[in-house]
Amino acid sequence: MILWFSGTGNSRFVAERLAARLQQALREMKPGIVATPLVTSDNDDKIIWVCPVYSWGIPPYVRSIIKKIEFRQGTEALTHHLVLTCGDDCGLADEMWRSDLRKRGWHDGCAYTVIMPNNYVCMKGFDVDPKELESNKLAAAPARIDEIASRIHDFNPEKDKKQTDVTRGRFAWVKTKIIYPWFIRNAMSPRDFYSTESCISCGKCAARCPLDNITMQIPASTEVMKASRGKKRPSWGDNCAGCLACYHVCPRHAVMYGKSTLGKGQYLNKL
């Protein structure tokens, strides 16, 4: 079984290709996935987690799923593998994942990274990749995913050593142990999201949100309501994964995050 979480589509693309190569069932990590234990088949001996890297760590939402999710098949029969998507490097994100799994008493197996186009735009100095670099990353990804699929398929947890084939980058410890906690505390609040007057009330941001955290409402503010001419605009709740799907999917580039996203690009994986 492949459990995946994705905002702009990079991890979804990786998960779908892995599923096709390994003949594994796909389950998106929607909030309801923790409501009842997941049923795995009798022949299924592996769980593959696929998600993006957030500031050189595992997305807090995915960590919350790891803490809560249950499997109906005995966990002693399952080996868990990790495939991370990242724009450049992952720091010690894989070690964070291994630690979270061990707290559940689960068997951690192999960990890999797939380099995909950047999509983080909410801080100074961060933007989407130039189109040529984006195209090069997308062109190289399928071969890397197929290689990972072959290695997971051939992995024998009783005989083989665990494989860790990730791009850590420089200063990995600092990035994961210091920057990641700061980022989670200070740079993931949904309060800075808003829509500009370019909003056409299409609702694509709400439809794309993986946590159903966006609703289309008539603005409460008289000034904003006048500007929107009574049309519904997106309103963000507190249950935000920080995936930026709402920003990147907007056809009018009307979704903003404070002043940080002014003049920044957009990216969606359409493969």
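## Side-chain contacts in a predicted model

R151 and D165 form a salt bridge, with the closest N and O atoms 2.8 Å apart. The pair joins distant parts of the chain: R151 lies in helix α4 (residues 131–154) and D165 in strand β6, 14 residues apart. R151 is partly exposed at 25% relative accessibility, and D165 is partly exposed at 25% relative accessibility. The structure is a predicted model.

### Salt bridges

The count comes to 18 salt bridges. One of them pairs R168 with D94, where the closest N and O atoms are 2.6 Å apart. R168 is partly exposed, with a relative accessible area of 25%, whereas D94 is buried at 1% relative accessibility.

A further salt bridge connects the side chains of D108 and R102, at 2.9 Å from N to O. D108 is buried, at 6% relative accessibility. Salt bridges with shared partners join R98, R102, D108 and K162 into one network.

| Salt bridge | N to O distance |
|---|---|
| R151 and D165 | 2.8 Å |
| R168 and D94 | 2.6 Å |
| D108 and R102 | 2.9 Å |

### Aromatic pairs

The count of aromatic pairs comes to 6. F71 and W106 form an edge-to-face pair, 5.5 Å centre to centre with 65° between the planes. F71 is buried at 7% relative accessibility, and W106 is buried at 5%.

Y120 and F126 also pair: their ring centres are 5.6 Å apart and their planes stand at 80°, so the pair is edge-to-face. F126 is partly exposed, with a relative accessible area of 36%. Y120 and F126 belong with F183 to one aromatic cluster.

### Cysteines

The structure holds 0 disulfides. A disulfide is a covalent bond between the sulfur atoms of two cysteines, and the cut-off applied is 2.5 Å between the sulfur atoms. The sulfur of C51 has its closest cysteine sulfur in C90, 10 Å away, which is too far for a bond. For C90 the closest cysteine sulfur is in C86, at 5.7 Å, again too far for a bond. C51 is buried at 2% relative accessibility, and C90 is buried with a relative accessible area of 0%.

Technical notes: Residues are numbered from 1 along each chain as its sequence is written. This is a predicted model: local features need pLDDT of at least 70, side-chain atom pairs count only at pLDDT 80 or more; totals for chains, interfaces and linings use all residues. Side-chain values use heavy atoms; hydrogens and water are left out. Rings of Phe, Tyr and Trp (its six-membered ring) pair if their centres lie within 6.5 Å; planes under 30 degrees apart count as stacked, over 60 as edge-to-face and the rest as tilted. Buried means under 20% relative accessible area, exposed over 50%, partly exposed in between (1.4 Å probe, protein chains only). A salt bridge is a side-chain nitrogen of Lys or Arg within 4 Å of a carboxyl oxygen of Asp or Glu. Helices (H or I, at least four residues) and strands (E, at least two) are DSSP runs, numbered from the N terminus.
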